[in-house]
Amino acid sequence: MFLAISTWVIVTSGVLALLYILRCACARTPKFNLNDLVHFLYPVDLSLLDSLLDPAADFALRWSLNPRAFRREQRRRMRLYRELLRRMAHNSIILADFGNALFGEDERPACACELEGAVIKVRLYTGFARLRLRLWLLLSLDALGVVPTPQLANLRKAADLDGRKAYDELKIAAAAAFARLQPAELDALTRNL
Amino acid sequence: MSDLVWYIPLALLLLLLCVLVRGHSYRTFPCFFAYVAFGVAADSTRLVTQSHPKPYFWIYWITDAGYALLGAVALQEVLRKVLRGVRGMWWARLIFPAILAAGVVLSFWHLHEAPPQVQGRLLLAIVTGEIAVRFAQVLVFAGMVAFVPLFGLRWRQQPLGIAMGFGLYSTVALLITLKLSDFGTRFKFLWGVASLVAYSLAVLIWIWFFSFPQKEEPAPNPEQVAFALDTLNRYLEWLRRMR
């Protein structure tokens, strides 16, 4: 019975995938105005991101606060970092959508491929990091004293990807790909990412 | 007339081969090109030996094994293209083996639950391998389609087109395999027609995807990118001062 269920699940996923592609083929591609790109982005405070991932900050807090206060503070920092990850994931998808609309399907320049690769890395990193954060916040094993409160610095890498480095590569790829923006918009793009 | 219908996939494969040669796709997708070339050769050989039962029997099963093997190799090529951005990650190298292993496990399980009606270990191995590759093809196709909304990938790109053709045919083939074991051989002709239509559609999908030239320039090296960004920043600074 389990075999039949597994096989039917796989066959159904194949059918759903075909229907999705059919929908993509029939749907009209929305016309993106490149000058609107900046307004779709959420600002990501990279200095805050660096301070949250700083192992020295984790260490200093653990020493200066009692376990209960440290746990409370660490959960606050986790929620902050979760928000930053959400913004990074959102920005990467927006850049991918605008990139696909700008460069079309044929004869894509190298900067479009670089942007696509950078988007995949950021999405993978944010996906895995958010999953870990969700588990840490949900399970709260540190409340029972079973495990020590997790260090945010451990989230610097997820799925073997350095998050900060991946996001920097995304910024560089976006600046190269959208170089045809007006200088003011390009400046705003790099500031908002 | 009805006999000619069975040669439609061969005609379409020939057309696809011409499209691939014209677009020089043997450079970007050598394994898929090998699969298509093999398909043309295999179907032509089957056509020639059709009236000789004994040679036809062996040629059918040997070419069937070839289809499964080259199908798996083409699949790996497609995955490598799509995951080139994360190629350096240790887990990226495990994706294809894991999918293939899942296909093999399901195939062996299916073999245990509903043994195929073939004689001889060699034919049993070929059928088992074929079913394993079918499972892997559907899994890869479904996974790649999931990449489209999750990672903002373009759906209209050749690797996804290849996976789509394999996925469509394998989905129908798996359905036929399931239903044949449930209902027996009463609907053999209907399943044969369904299989023919599905494979023809798969080849048409491949023809459509490869009809549009999709060139990608080689990526610049990091030094070039850093230099370009530095130039850009200096230009922006100069513009700010001018205002």
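A: Let us begin with burial: a residue is called buried under 20% relative accessible area, exposed over 50%, and partly exposed in between, using a 1.4 Å probe and protein chains only. By that rule B:Tyr35 and B:Tyr67 are both buried. Please keep in mind that this is a predicted model, in which local features need pLDDT of at least 70 and side-chain atom pairs count only at pLDDT 80 or more, while totals for chains, interfaces and linings use all residues. Residues are numbered from 1 along each chain as its sequence is written, chains are lettered from A and ligands numbered from 1 in the order in which they are written, and side-chain values use heavy atoms, with hydrogens and water left out.

Q: How many helices and strands does chain B have?
A: Helices (H or I, at least four residues) and strands (E, at least two) are DSSP runs, numbered from the N terminus. Chain B has ten helices and zero strands. Of its 243 residues, 45% are buried.

Q: What share of the contacts in chain B comes from residues 24 or more positions apart?
A: A contact means heavy atoms within 4.5 Å. Among contacts in chain B with a separation of 6 or more, 74% are between residues 24 or more positions apart.

Q: Which residues have the most contacts inside the largest nonpolar core?
A: A nonpolar core is a set of buried Ala, Val, Leu, Ile, Met, Phe, Trp, Tyr and Cys residues joined through side-chain atoms within 4.5 Å. The largest one here has 101 residues, and A:Tyr81 and B:Phe32 have the most contacts inside it. Helix α6(A) gives the most to this core, with twelve residues. There is also a second, separate core of 13 residues, which includes A:Leu3, B:Ile131, B:Val138 and B:Leu174.

Q: What does B:Phe32 contact, leaving aside neighbours within four places in sequence?
A: Its partners include B:Leu16, B:Leu20, B:Ala74, B:Ile162 and B:Trp206.

Q: Is B:Val203 buried or exposed?
A: B:Val203 is buried, because its relative accessible area is 0%. You will find B:Val203 in helix α9 (residues 188-211) of chain B. Not counting residues up to four places away in sequence, B:Val203 touches B:Leu12, B:Leu13 and B:Leu16.

Q: Where is B:Ser107, and what does it touch?
A: B:Ser107 sits in helix α6 (residues 92-113) of chain B. With a relative accessible area of 1%, B:Ser107 is buried. Beyond residues up to four places away in sequence, B:Ser107 touches B:Thr128, B:Ile131, B:Ala132 and B:Phe135.

Q: How many aromatic pairs are there over all chains?
A: A pair of aromatic rings is described by the distance of the centres and the angle of the planes. Rings of Phe, Tyr and Trp (its six-membered ring) pair if their centres lie within 6.5 Å; planes under 30 degrees apart count as stacked, over 60 as edge-to-face and the rest as tilted. The structure holds 22 such pairs over all chains. In one of them, the ring centres of A:Phe2 and B:Trp109 are 5.5 Å apart with planes at 35 degrees, so the pair is tilted. This pair crosses between chains, from helix α1 (residues 2-26) of chain A to helix α6 of chain B. A:Phe2 is exposed at 56% relative accessible area, and B:Trp109 is partly exposed at 29%.

Q: What kind of pair do B:Tyr35 and B:Tyr67 form?
A: Their pair is edge-to-face, 5.8 Å centre to centre with 65 degrees between the planes. B:Tyr35 lies in helix α4 (residues 30-48) of chain B and B:Tyr67 in helix α5 (residues 53-82) of chain B, so the pair ties together parts that are 32 residues apart in sequence. Ring pairs also link B:Tyr35 and B:Tyr67 into a cluster whose members include B:Phe29, B:Phe32 and B:Phe38.
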